[in-house]
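Hi,

Here is the structure I promised to pass on.

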Amino acid sequence: MRYKSITAMYTLFALFVGAAIASAAGIQGAGSFLFSFGEVTLEQKEARQQAVSIHKYDPSQGEILKIIDMKTVPEEIRPGQAAKIEITYLLISPAERNDRVKGNLVIRWEREMMGRAEIHNNTGNGTYVMAVPLYFYPKGYNARYGGYEIVMELESGALRDRGETVLKINEI
């Protein structure tokens, strides 16, 4: 099953435009790369029964929201290239139901926040892979190369989990 998150596209478009305006105005900390996000997708990897079996879930554990894996594909790019952030997570409860999952995606370079996005999805129990395409564009001579820390914080009701990965931007 494949889902699309339109909410994320609007949030991320605003982030891209805001960075461009701040950069043009000469505001410090606006970022040395402008970046934009593509269409966020969510694909169910395992249905509830499969997830229960694979992850050895017992209803006495209550509700679980857990980031199983988070990575960038590829791990290194150059300005003008694209990468995809993939977040694999488990959402399971004692009884099948649909839950709202909110993701807060933050991109940092040397602890300075370069961008942030909020992603909303409604899903049932199971394991899901969320894919967030990310495009980097060079801004100028003061481009910041190196490792960008990417953090995703997921929440569903009172449940929370956090995952991290790094995307390296190499010089042209």
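G103 stands opposite L154, which belongs to strand 10. That pair sits where strand 7 (residues 99-109) meets strand 10 (residues 146-156), an antiparallel pairing with eight bridges. Strands here are DSSP runs of E, at least two residues long, and helices are runs of H or I, at least four residues long, numbered from the N terminus. Two strands count as paired if DSSP finds at least two bridges between them.

Before going on: this is a predicted model, so local features need pLDDT of at least 70 and side-chain atom pairs count only at pLDDT 80 or more, while totals for chains, interfaces and linings use all residues. Residues are numbered from 1 along each chain as its sequence is written, and side-chain values use heavy atoms, with hydrogens and water left out.

Strand 10 also pairs with strand 11 (residues 159-169), again antiparallel, through eleven bridges. There, E149 stands opposite V166 in strand 11. The hairpin of these two strands has two residues between them, and G157 takes a positive phi near 60°.

Back to L154. Leaving out residues up to four places away in sequence, its contacts (heavy atoms within 4.5 Å) include L65, I67, I87, Y89, V101, G103 and M130. L154 is also one of the residues that touch the most other members in the largest nonpolar core, which has 32 residues; I87, Y89, M130, V132, L134 and M152 are the others. By nonpolar core I mean a set of buried Ala, Val, Leu, Ile, Met, Phe, Trp, Tyr and Cys residues joined through side-chain atoms within 4.5 Å. Buried is under 20% relative accessible area, exposed is over 50%, and partly exposed is in between (1.4 Å probe, protein chains only). A second, separate core has six residues, among them A51, Y57, L90 and I92.

Of the 172 residues, 47% are buried.

Cheers
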